[in-house]
Amino acid sequence: MLAIVVALGVVISGLVLGLADSGPASPESRLALQGDDCPVDLVHRQGDELDGNRLRLQGTEHATPLQGQQFEAGDSVTVRPTADEVTVVWNSPDDGSTYVLSRLEPPGGSATACGGVLYAGDGGSLTSIDTGSSTLETLSVPGSVDALGPATTNLLDDGGTDVPYVDGTDRVRVTGPDGSTTTLATSGDIPGTIEGAKTRLATGRWDGSDPSVLFVNENHDTLYRVAEGGTPTAVAAPGDGTQAVVGIADVDGDAADELVFADGSQRLQALDPDGTVTALADGQLGSNNGIGTGALADFDGDGIHRAVVVDGSNQVKLVGAGTAAGGEATTTLTGGVARKSPATVADVDGDGTPEVVFVSNDSEKLKYVDDVGGANTVTLLTDADGDPIQRSEETGVV
């Protein structure tokens, strides 16, 4: 009888925590980390096909590198471990339960070499910031950097990390860590001009597309996507316009992705594949020299994402679709300490959990929110000499 009671206690405690090891309700797949250096590849060796929208990684720089993709045997995705163990968590579409599919050790001690890497604009140039080694590097890219999007490993078929940006001649370009650059679109490819001010780019697969960069035009009436080797395609022309693109993820709990963007009045909207546009609750952004857009993130592992934003009062917030719409409520992380510019999410302190990084009101120094949703401690981001890192509010940090 005592053994039965103890066993039941273990099961109940796992359910209360909301995180159970792999069981009959979860897919069965064999995953591995491969590579001799940082970054490494997460490889699907065999077993069930996995819906990338339902996977969350713990202990890597980006928690959702497989958004919008199916992950099947033979596939791989590049990741940057930031902890001694990478945990692959699957979120059930049936009841929201989460299961651990794999616990993986980075090969060759690569976790120690894989700090979070951020990208920021500064006076028209592009800087990479390796938070693992606290080193900064100015990347030699063609043209000035007027707007940025998040770094991704899935955009170009080059196996590396690529950063999209809009240059001073209104071209959408993608650069790699070595400075090699590919032009994806020019203003001659669309009616009007590509927007490069008070905006943000996004990346991902939308409604069955190849991995693409998403951007808006200067008239703020149309949202476009463009993939490597392709031509820009209009995604939507919503009645309230478009000014910046946030990202692609499930924000309303329906197990399907929405495309989140800021409209012409700097309000967050969610676009469904059927063309329906829904406003996010409390989604008004701040906008001065930049715009307070940011990444989409799921900090509690339930598969529902919120947008990291800076509002008109310079507060950093997590903004969801709202509980009435099936999403999550807004959480205010800081007081009025941030510039109204793009923010991002990354594990910058190597603790295996993501932080929110933003441009602060303190002379445009980069700072981050640690223990997001808990203590919400605001900490200064410094270089190897312990000096603050200052970057432009126009392009923010990605």
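## Cavities

The second largest cavity has a volume of about 50 Å³. It belongs to a predicted model. Its lining is made up of Glu-61, His-62, Val-117, Leu-118, Tyr-119, Pro-150, Ala-151, Thr-344, Val-345, Ala-346 and Val-398. Two elements give two or more residues to this lining: strand S10 (117-122) and strand S29 (344-346). By class, the lining of the second largest cavity has 8 nonpolar, 2 polar and 1 charged residues.

The largest cavity holds about 70 Å³ of space. Its lining has 13 residues. Nearest its centre lie Arg-54, Leu-55, Arg-56, Asp-298 and Gly-303. S5 and S8 each supply at least two lining residues. S8 has the largest share, with 3 residues. By class, the lining of the largest cavity has 3 nonpolar, 7 polar and 3 charged residues. In total, the model has 2 cavities of 30 Å³ or more.

## Nonpolar cores

In soluble globular proteins, nonpolar side chains tend to be buried together. Here the largest nonpolar core has 17 residues. Those with the most contacts inside it are Leu-31, Leu-33, Leu-42, Leu-55, Phe-71, Val-79 and Val-88. Strands S2 (29-34), S3 (40-47), S5 (55-58), S7 (76-79), S8 (86-91) and S9 (98-104) each give two or more residues to this core.

Neighbours within four places in sequence are left aside here. Leu-33 is then in contact with Val-40, Asp-41, Leu-42, Val-79, Val-86, Leu-104, Glu-105, Pro-106 and Pro-107. Of these, Leu-42 and Val-79 are also listed among the core residues with the most contacts.

## Asn-376

Asn-376 sits in the loop between strand S31 (366-370) and strand S32 (377-380). Is Asn-376 buried or exposed? Its relative accessible area is 16%, so Asn-376 is buried. The cut-off for a buried residue is under 20%.

The side chain of Asn-376 reaches the backbone nitrogen of Gly-373 at 2.7 Å. Beyond its neighbours within four places in sequence, Asn-376 is in contact with Thr-332, Leu-333, Val-369, Asp-370 and Asp-371.

Methods:
Residues are numbered from 1 along each chain as its sequence is written. This is a predicted model: local features need pLDDT of at least 70, side-chain atom pairs count only at pLDDT 80 or more; totals for chains, interfaces and linings use all residues. Side-chain values use heavy atoms; hydrogens and water are left out. A nonpolar core is a set of buried Ala, Val, Leu, Ile, Met, Phe, Trp, Tyr and Cys residues joined through side-chain atoms within 4.5 Å. Buried means under 20% relative accessible area, exposed over 50%, partly exposed in between (1.4 Å probe, protein chains only). Helices (H or I, at least four residues) and strands (E, at least two) are DSSP runs, numbered from the N terminus. Contact means heavy atoms within 4.5 Å. On a 1 Å grid over the protein atoms alone, a cavity is a set of points where a 1.4 Å probe fits but cannot get out, and a pocket is an open set with protein on both sides within 12 Å along at least five of seven lines; lining residues have an atom within 4 Å of a point. Grid points are joined across faces, edges and corners, and a volume is the space filled by probe spheres set on the points. Ala, Val, Leu, Ile, Met, Phe, Trp, Tyr, Cys and Pro count as nonpolar, Asp, Glu, Lys and Arg as charged, and the others, Gly among them, as polar. A polar contact is a pair of N or O atoms within 3.5 Å; within protein, one must be able to donate a hydrogen and the other to accept it, and residues adjacent in sequence count only if both atoms are side-chain atoms.
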